[in-house]
Amino acid sequence: MDEVTGAQLIAESLKAQKVDYMFGIVGVPIIEVAMAAQAAGIRYVGMRNEQAACYAASAVGYITGRPGACLVVSGPGLIHALGGMANANMNCWPVVVIGGSSDRNQETAGAFQEFPQVEACRLYSKFSARPSSLEAIPSVIEKAVRTSIYGRPGACYVDIAGDMVNAKVERSKVREVSCCPPPPVSLADQGSVTEAISVLKAAKTPLVIIGKGAAYGRAETVLREFIEMSGLPFLPTPMGKGVLPDDHANCVAAARSRALLQADVILLFGARLNWMLHFGLPPRFNPNVKIIQVELCAEEMGNNVRPAVALLGDISAVATQLLMCVRRDGWKYPSNAEWWSTLKSKIAANAKISKALALQSTVPLNYYTVFHHISQLLPYDCIIVSEGANTMDIGRTMLNNYLPRHRLDAGTFGTMGVGLGFAIAAAAVEASQNTGRRVVCVEGDSAFGFSGMEVETMCRYSLPVVVIVVNNNGIYSGVDSETWKEMKQMGELTSVAPPVSLLPDARYDEVMKAFGGRGLLVRTVEELRSALQLSLSDWERPSLINVLIDPSSDRKQQEFPWLTRSNL
């Protein structure tokens with residue numbers, strides 16, 4: 001008899017659904033699942049924390065369009081992964097979490113790490129289930145993968161009882177389940193498309209907003225053609241950067257506040273009117289603005305602002321419908337419109353302020369100087385992972401993206417701690433596809449602390465990620481070493497140290513060196529440029545550049561921070 005174990009069925013079913021990457025931490029009862037996954041041809045990356053593992057698996061889903069798998073042990077292991085599941089759901093990224101659980105004959109008896117896992121995961125996922133038998137595993141895995149990518153993408157959970165992992169069944173009794181096809185593509189109502197074009201033509205100050213939904217939807221080619229043919233200005237959301245290059249002539253990101261406030265018609269492609277876009281409401285938006293909403297999820301239509309025109313359908317398909325109308329009518333927004341003059345004037349004024357800050361070279365450095373020199377050295381096609389408060393906010397404006405799905409950050413949920421998991425996922429994909437693209441992870445020192453031990457994962461798998469820690473000794477801001485010494489003399493640090501402060505001049509670079517990676521400490525512009533050039537030339541091991549900056553360095557005065565302290 002040809003028998004197969006539960007572990008083999010899980011692995012083979014995942015592979016049949018074109019799940020190629022698995023991240024996790026093994027232990028009882030799921031060690032054999034990881035081994036079976038490798039035997040089935042799935043790349044397994046062992047992480048140091050389940051939360052980071054789930055972040056990594058979800059990032060694979062965003063980058064590739066097919067979910068990554070996250071493998072966790074029962075009880076606390078699964079609970080650690082819930083943060084990654086919640087983040088994936090909020091970002092609308094597909095991921096499938098496989099969790100081991102107690103043996104079925106020990107349920108309610110106080111089994112090892114017993115926990116109501118299926119019930120707990122329902123709050124954090126689109127689908128949560130346990131196969132009733134070994135024969136049911138392929139069908140449940142297929143449904144989890146399909147549900148994660150159909151409709152609005154998100155997290156799905158499959159629970160595996162410990163006694164099912166090594167149990168066996170005759171292969172002939174297991175129904176083979178074929179790979180689920182890509183999500184079906186739907187078009188918007190053609191009458192609504194025609195209405196949307198009429199609203200755009202009547203606009204005096206139109207604006208297109210491109211969100212990460214457009215990036216996930218692979219809409220970059222048609223959107224570029226639509227923008228260039230229509231002549232409309234566009235604004236990318238943080239992870240919408242790169243759908244069209246940041247240096248595109250129609251990009252008005254540097255005049256974001258002015259664009260949002262004065263636009264009379266806004267065409268939304270895969271972006272939600274949530275906190276990241278100030279809910280589409282005054283005082284950030286024109287109270288009379290007309291919204292044309294292109295959205296995959298019907299339930300999202302009308303959230304916070306009722307759209308003047310609702311275009312329900314696949315982002316790329318609907319963009320193609322709009323493009324066909326523009327091409328048919330031969331319409332183009334005039335390049336000499338007063339609106340363009342207003343936007344370009346604001347772009348120039350903001351650029352002047354940022355340039356003045358960037359050209360300062362006094363020690364300790366400020367954020368703008370650091371990002372100015374990083375931006376000059378980064379490869380055109382590199383994947384930028386960014387997290388932190390000021391680090392992410394300023395980096396968004398100064399580190400350009402030129403290709404889609406090449407920026408990963410804290411996202412809709414504003415999650416800190418995602419950076420190293422995201423970077424490992426991106427590096428694993430790049431390594432397997434042999435693209436030659438670098439992964440650069442720009443972290444605040446506080447953000448780095450959430451998942452810092454994952455540098456060991458990078459070293460173990462020889463993933464040549466370049467980690468740049470912009471170290472200001474704190475959360476938002478810190479104190480210098482002399483002030484820290486003075487505070488220690490004032491009394492117990494738990495009573496006198498500012499809650500936002502971290503240890504001054506912490507040697508994060510030594511953490512990377514401890515595992516065999518390259519660690520570099522930087523204080524000056526010359527040291528920064530030399531360290532980054534050296535790190536980018538090394539394809540054999542990861543690097544960490546610890547950039548010590550002024551603890552009081554802050555953002556320039558802004559009208560429109562994407563991320564405010566109250567949001568993080």
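**Burial and charge pairs**

Modeller: Let's start with D538, which is buried at a relative accessible area of 9%. Here buried means under 20% relative accessible area, exposed means over 50%, and partly exposed lies in between (1.4 Å probe, protein chains only). Please keep in mind that this is a predicted model, where local features need pLDDT of at least 70 and side-chain atom pairs count only at pLDDT 80 or more, while totals for chains, interfaces and linings use all residues. Residues are numbered from 1 along each chain as its sequence is written, and side-chain values use heavy atoms, leaving out hydrogens and water.

Colleague: Which residue forms a salt bridge with D538?

Modeller: Side chains of opposite charge can pair when their charged atoms come close. The cut-off for a salt bridge is a side-chain nitrogen of Lys or Arg within 4 Å of a carboxyl oxygen of Asp or Glu. In this case the partner is R518, with the closest N and O atoms 2.9 Å apart. R518 sits in strand 20 (residues 518-522) and D538 in the loop between helix 22 (525-537) and strand 21 (543-548), so the bridge ties together parts 20 residues apart in sequence. Helices (H or I, at least four residues) and strands (E, at least two) are DSSP runs, numbered from the N terminus. R518 is also buried, at 18% relative accessibility.

Colleague: How many salt bridges does a search of the whole structure find?

Modeller: The search gives 25. One of them joins the side chains of K201 and D329, at 2.7 Å from N to O. K201 belongs to helix 8 (residues 190-202) and D329 to helix 12 (residues 315-329), so this pair links parts 128 residues apart in sequence. Both ends are partly exposed: K201 at 37% and D329 at 34%.

Colleague: And how far apart are E228 and R224 in helix 10?

Modeller: They are 4 residues apart in helix 10 (residues 220-230), which means a separation of about one helical turn. E228 is partly exposed at 37%, and R224 is partly exposed at 36%.

Colleague: What does R272 touch, not counting residues up to four places away in sequence?

Modeller: Contact means heavy atoms within 4.5 Å. The residues R272 touches are M90, N91, C92, R152, K212, L277, E300 and T412.

Colleague: Last one: where does K344 lie, and is K344 buried or partly exposed?

Modeller: K344 is in helix 13 (residues 338-358) and is partly exposed, at 49% relative accessibility. From C-alpha to C-alpha, K344 and G516 are 48 Å apart in space, and they are 172 residues apart in sequence.
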